[in-house]
Amino acid sequence: MPNPFRRVTAFFLLSLLAGCGKAEPVVKIGFVGPLSGDQAAQGTDMLRGSELAVEQAKTKEPVIPGYKLELVSLDDAHSPAQAVATAKRLAADGDVLAVVGHLNSSCTKPASAIYYEARLLHINPVSSNPEISRQKFDTFYRICATDDLQGPAGTRFAIERLGAKRIFVLDDMTTYGRGLANEFMGAAKKAGVEILGHEGITQGEKDFTPVLTKIKGLNPDLIYFAGMFPEAALLLKQRQKLNIPAKFLGGDGLFEPALIDLATPEAAEGMYLTTLGGDIHQLPTAQAFVQAFEAKYGHLGAYSSYAYEATNLALEAIRRAGRKDRAAVLASMKEMKRYDGILGAHTFDSKGDTSLRTIGIYTVHKGKFQFVEAANL
Amino acid sequence: MTPGELFLQQLLNGLTIGAVYALIALGYTMVYGIIQMINFAHGEVFMVGAYLGLTAVLSFGLATPATGGIARLIIVIGIAAIGCGFLGLLVERVAYRPLRKAPKLSVLITAIGVSFFLQNAVMLGFGAQDRYVPEMLPVRHWGGGTVSITPMQAVIFAVSFLLMLGLQGIVYGTQLGRNMRATAQDPLAAKLMGIPVDRVIAMTFAIGSALAGAGGVLFGVYYSTINFHDGYLTGLKAFTAAVLGGIGNLPGAMLGGLLLGLLEGMAAGYISAQWKNVVAFAVLILVLLLRPRGLLGERLAERA
Amino acid sequence: MKRAVLLLLLFLLPILDPNPYHTEILSTAALYALLALGLNIIVGFVGLLHLGYAAFFAVGAYTYALLNLHLGWPFWVGLPVSGLVAGAAAVLLGLPAIRVRGDYLAIVTLGFGEIVRVVVTNLEDWTGGPNGLMGIAHPSAGPLRFGVEARPYYWLLLVLAAVTAWACARLRRSRIGFAWLAVKEDELAAGCLGVDAIRMKLLALALGGCVAGLAGCVFAAKQGTVTPDTFDFIQSMMILAMVILGGLGSVAGAVCGAVILSVAPELLREFAAYRMLLFGLLMIVLMRVRPQGLFGSR
């Protein structure tokens, strides 16, 4: 009986010791996103943006003299619990001076509290829920627009361009989805449009025919879905199978080519979505990035440019701090009056949100996303 | 759309998934009937069937929604069924047979282990994201305009019905079926009668798994996306269906499957989609507590 | 004596090795040791195969979260309350289940576990839905800075686990422990000897649930956030696997199993994708080769 006990203890202690004794001067930027699971396509795309930024930085002067630069990427699989765990890991790692992440608002929000406690600079690329910055964490910065803009922009487009008068709203019950749906409905009610119903669907669920059948019975002009692309693809398919004539409008979570593959081009044809930002191919400041990215990875996804921007912003803050000290990095970020990135010139308000806020409208035509216009804000 | 038409549409949709549940439930019920074991890994066999079907469709270029689509679909179902049949044989031989005399706990844990293993193996092989399954049949709408049934739904009904009929034929019309029934009734006596009990049990697993595999293909083509997680939840629901109908009872499994699909669809359509999964679990618990023999089952003997 | 030395060593570990990431791992191990000990009472001592233990972990976590966020109750009050509420929940959910036999019991507990999770996910107005609750307060205890440093939580969990282990060992050798053993071995015979099987089972459920509740409360405070996806079937299976690996009924085994299975994924990070695969394989092989686990007897 003492034998297995001793073996276990020895194994345990040995493995602990194995962790000690690493003395290479290194500075790290943490990246967290959904790298596994059904949203992995978007997460990987974001990671590539970060990787490109770090790669390019390595070819220039070191960010802090004497230190090697490293990108640590962790996977939160769009699970808030895992997001908290990865946040704790990064917070505990003294080499990490800034974090870029996460993708989903439901992950970013709890993680931001961990980074705040650890006094670690947290730059968020694409989580658009406005509640996150309302927490007033001085470690939190965001470089994209928020849903209190995206929702009403969608409403305006639906009413003015699509002529919708009767709308049914669906969301995926996440922080992002529920928040965006509420913003959309708030603006719709103010405009006097009839909301026929509001239901939640669960992420990971496959069969939406019951709720879609119910929607079919109510005969709306438009179905609005605030959620992510895997569920949206299924909704589009099943809407087609049930022969529902209503138009379909969604949020930026749908802006991923895999949506069209999963839904089939026929089912996705003619759908609309709002995005956080205009057409990057038309932005002169972004062209160098677009070319470099497409040369290395082939196709450009929805979020890679934001991750690239966020990573470079973090690098700039570290560079200005000049030393491996989280407080110094935070201070230099606070002092940065303006940052000129590939998306334009950012200035950050007291909550950490950027001044650069544009919402774009896209549609799907012949199996591809097509830019329609920049939304009226 | 009138309330009546709405109801009819919900009914149709519920029965469609119910038919798939029934196919999987048959596997659970057969195995439980013959060796009193809950094959926790059966749901994963169903999931593997869906992936086998996808692989068949992609590698043989069978995804063209032209006439003859049905024939190709049948071929794909056949491939998946045979593949899953072998998988069932393998699992039985390697994981369960050595534990034939072991306590129930060990067998259940082993089954859960097999379940995790298969799930993860598929995830590693095919990726964690949803995989798209091409349409095998043209997307049309039959019916009176508002209430529609798609060809795929009709095929699911037809195939399930034929398979269940076939199973009844095997169980009540062949020597193997007689052996299965005898082994289920009294394994020792069956052995004494010269029945190759081990082989009979293996065949039971094989047939049950084949049915689940067929169900997997139907499921995959119907929903057009599959994920390695599908086995766990659907398996649990199919098990509920088997228990609802009376575990060990074949017509019970079929009835239970259809009934559960119906209940789920109605709850999702008329109450709320979010609570859909609770329906299955609630039914399971209620049945186990209030009427453990299910709707059609016989009184279960008290075994320790 | 040997055990006291070991305990002292464990206490001193984060001082000898101040790396916060390592302390984090130790905390996780201690947390799971606590959970495994609790489940061991139910599965190991009485033989009730419970596949829904994570539900009580959830109840404890959410109880403290709600009490803290809505009523401002501090951690040290929330801790015992969480334990009691979780224990009560275990009894309530167990009442219908204990009359059911063997594998059916397992499925019923699985079903209850899933129902709790789905209910928590859907009652968004109360529980925050899939996004959970955040902003849960840390405990405060004099100079110990919970949350800012990693060590205080580790020490808290270590104390809880040690006390629970001691209590379990004592219980096992008490009249209650023998009654449990009798029920586990042969319920009918135990009844003939005057053992009230139902009461014994409920007692085990209450105690096991209580332990999970305590663990849940500490977990909620430590993470600052609780979300329903933490408390799924995989979590229940993980804890069960720890108990089985250690050997059903063995207190030392539960702790060892917990340490091994919670530390291993951290060490084998590159194999993270294979985690479930290896886990499944472990279960299969273990049942074949050494079903009694590391420390069990049979």
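**Exercise 1. Confidence along chain B**
Find which element of chain B has the lowest mean pLDDT and which the highest.

*Solution.* Next, go through the elements: helix α11 (residues 276-290) of chain B has the lowest mean, 85, while helix α8 (residues 197-223) of chain B has the highest, 95. Finally, look at residues 300-304 of chain B, where pLDDT stays under 50 and the model has 2 contacts beyond four places in sequence. Where pLDDT is low, the predicted coordinates should not be read in detail.

**Exercise 2. Two domains of chain A**
Describe how domain 1 of chain A touches domain 2 of chain A.

*Solution.* First set the bounds: in chain A, domain 1 covers 24-145 + 283-346, and domain 2 covers 148-275 + 359-374. Their C-alpha centres are 29 Å apart. Now take the contacts, which join 16 residues of domain 1 of chain A to 15 residues of domain 2 of chain A. On the domain 1 side, α2 (40-59) and α4 (105-117) of chain A are the elements that give two or more residues, and α4(A) gives the most, with 3. By type, this side has 4 nonpolar, 9 polar and 3 charged residues.

**Exercise 3. Helix α5 of chain B**
Check the length of helix α5 (residues 151-173) of chain B, then find what its buried residues pack against.

*Solution.* At 1.5 Å a residue, the 23 residues of α5(B) should span 33 Å; the end C-alpha atoms are 32 Å apart, so the two values agree. The buried residues of α5(B) include B:Met152, B:Val155, B:Val159 and B:Leu163. Their partners are α1 (3-35), α3 (69-96), α8 and α10 (250-271) of chain B.

Conventions. Residues are numbered from 1 along each chain as its sequence is written. Chains are lettered from A and ligands numbered from 1 in the order in which they are written. This is a predicted model: local features need pLDDT of at least 70, side-chain atom pairs count only at pLDDT 80 or more; totals for chains, interfaces and linings use all residues. pLDDT is the predictor's confidence in each residue, from 0 to 100. Helices (H or I, at least four residues) and strands (E, at least two) are DSSP runs, numbered from the N terminus. Two residues are in contact if their C-beta atoms, placed from the backbone, lie within 7 Å. Domain bounds come from an automatic or database domain assignment. Ala, Val, Leu, Ile, Met, Phe, Trp, Tyr, Cys and Pro count as nonpolar, Asp, Glu, Lys and Arg as charged, and the others, Gly among them, as polar. The expected span of a helix is 1.5 Å times one less than its number of residues. A residue is buried if 20 or more other C-beta atoms lie within 10 Å of its own, exposed if 12 or fewer, and partly exposed in between; C-beta atoms are placed from the backbone.
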